[in-house]
Amino acid sequence: MAARGFPYTDLKDFLVALERAGELRRVGAPVDPTLEISEIVTRTVRADGPALLFEQPTRGEMPVAINLFGTEKRTAMALGVESLDEIGNRIGEMLKPELPVGFSGMMGGLGKVMQLKSMPPKKVKTAPCQQVVYRGDDVDLNRLPGLQVWPGDGGIFHNFGLTHTKHPETGKRNLGLYRLQQHSHNTLGMHWQIHKNSTAHHAVAERLGQRLPVAVAIGADPVVAYASTAPLPADIDEYLFAGFLRGERVEMVDCLTVPLQVPAHAQVVLEGYIEPGERLPEGPFGDHTGYYTPVEPFPVMHVEAMTMQRDPVYHSIVTSQPPQEDHGLGKATERIFAPLLRFLIPDIVDYNLPSAGVFHNCAIVSIRKRYPKHAQKVMNAIWGAHMMSLTKLIVIVDEDCDVHDYNEVAFRAFGNVDYARDLLLTEGPVDHLDHASYQQFWGGKAGVDATRKLPSEGYHRGWPEEMTMAPEVVSLVDKRWKEYGI
């Protein structure tokens, strides 16, 4: 069932819905975007607290909205569902290959087609995001209350800027979420990592000796904001996906100075370009790994135009060692893409990406084991599945293990493993930000087979029976529980 007011027109509309639901607190006191906001947000997240709207930041000209996705409840609200699994189930239905049977089957097939029709973005001629326009010398990024989150950060960063580029030859669009370091009043460091599509677009532009046009939208509606983080295959447009999630088309408008389109209801839009060959030192930055990422050379965006709504709201996020706000975003991705992962690897019953593993360091996977070394087959399949290739540790358990119950998983992983036989070691790509690998971009990976072992796998001792209480005794104690006075 869709959340009240969904789909939200823009970020402000979502903030109204959060406030009505008791999920938003306004902070009227003056608060410093350098470190103070970060400390407040971190304490709020770890207390399972509300979204926050800082109405008087001491830098910039607009309020700061933050912690919007800090719980699974708010993330579900953002995406218009009661449970994040609802979206995954919708995707699962669309992946079913069977042909429609009878009238009801035809109607079901028509429903899928109608869902697909709602996906493509809709171009509009005028847009709220262009109500106020600054060009040339009037561009000043200091109008934005960008954050310094940690003491060792290299300066002010804009942490929820939705970056738009397109392939210089094919024209295919990409939407990505990358941190943006403010170098000056009109330049930004573009921290896009080697596995990202915008990096590929930039590489083509440099090979051709061309500038790469870039547009950054800040404060998009929550569905578009989430879509920018989703690990979509390269041939799936993020705005098609956002339209699918919203149930209606996303309105887009042409930029004023670059040949790109941006969401019409964004709060702020930055337009500009990247010169071929230009790099500046970017960082350090306290990232979601819990450590500072080092200074590295990254491309520079020259901002030529800055447009915004009247009375805009600035959206940002704090990154740190978990738990932090990105828990809600990561869990949304886990649940939404579960059917797609099962479609690619039918052996999988369920999976969990623990937030303590910052989602790409560990995957706990349950399977319906059918043959020798089945667990190892699934490990290799996961390492070959798109962005799951960055997973460093995979723990495989039997289907009767709840992958979301860490005590149960630990019981299997600690007790069901002979590490001389059940540990698979390999090497492969790791996340750009991974600090543990001895060289950047690739490193060691491990798969742990914590399933029951079969005779055909060389286990001839006879796997022991797990202890469970007799059902009639459980029922008896249930009935008499009040008598015991416990």
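Before anything else I wrote down my burial scale: buried means under 20% relative accessible area, exposed means over 50%, and partly exposed is in between, with a 1.4 Å probe and protein chains only.

**Ground rules**

I am working with a predicted model, where local features need pLDDT of at least 70, side-chain atom pairs count only at pLDDT 80 or more, and totals for chains, interfaces and linings use all residues. Residues are numbered from 1 along each chain as its sequence is written, and side-chain values use heavy atoms, with hydrogens and water left out.

**Entry 1: salt bridges**

I took a salt bridge to be a side-chain nitrogen of Lys or Arg within 4 Å of a carboxyl oxygen of Asp or Glu. How many salt bridges does the structure hold? I found 30.

I looked at Lys123 and Asp254, whose side chains meet in a salt bridge at 2.9 Å, N to O. Lys123 lies in strand 4 and Asp254 in strand 12, so this pair ties together parts that are 131 residues apart in sequence. Helices (H or I, at least four residues) and strands (E, at least two) are DSSP runs here, numbered from the N terminus. Lys123 counts as exposed, at 54% relative accessibility, while Asp254 is partly exposed at 32%.

My next pair was Asp221 and Arg246, with a salt bridge of 3.5 Å, N to O. Asp221 sits in the loop between strand 11 (212–218) and helix 7 (222–227), and Arg246 in helix 8, 25 residues apart. Are these two buried or exposed? Both Asp221 and Arg246 are buried.

I then turned to Asp400 and Arg452, which meet at 2.5 Å, N to O. Asp400 is in the loop between strand 23 (393–398) and helix 12 (406–415), and Arg452 in the loop between strand 25 (442–449) and helix 13 (471–484), so the pair ties together parts 52 residues apart in sequence. Asp400 is partly exposed at 42%, and Arg452 is partly exposed at 28%. I also noted that these two belong to a salt-bridge network with Asp398, Glu408, Arg412 and Glu466.

**Entry 2: around strand 12**

I came back to strand 12 to see its neighbours. I counted two strands as paired if DSSP finds at least two bridges between them. Strand 4 (residues 122–124) runs parallel to strand 12, joined by 3 bridges, and Lys122 has Glu251 as its bridge partner. Strand 13 (residues 261–263) runs antiparallel to strand 12, also through 3 bridges, with Met252 partnered by Pro263. Strands 12 and 13 form a hairpin with 6 residues between them.

Glu248 is partly exposed, at 35%. Its C-alpha atom is 18 Å from that of Lys125, 123 residues away along the chain.

**Entry 3: strand 10**

Which residues cover the two faces of strand 10 (residues 187–190)? I see Thr187 and Gly189 on one side and Leu188 and Met190 on the other, all buried. Strand 9 (residues 180–182) pairs with strand 10 in the antiparallel sense over 3 bridges, and Leu180 stands opposite Met190. A hairpin of 4 residues joins strand 9 to strand 10. Strand 19 (residues 300–308) is also antiparallel to strand 10, with 3 bridges; there, Gly189 has Val300 as its partner.

I found an open sheet of 4 strands in the order 1-2-3-20, with mixed pairing. Its edge strands, strand 1 (24–27) and strand 20 (314–315), each pair on one side only.

**Entry 4: cysteines**

I called a disulfide a pair of cysteine sulfur atoms within 2.5 Å, and the count comes to 0. Cys255 is buried at 9%. For Cys362, the closest cysteine sulfur is in Cys401 at 12 Å, again too far, and Cys362 is buried at 14%.
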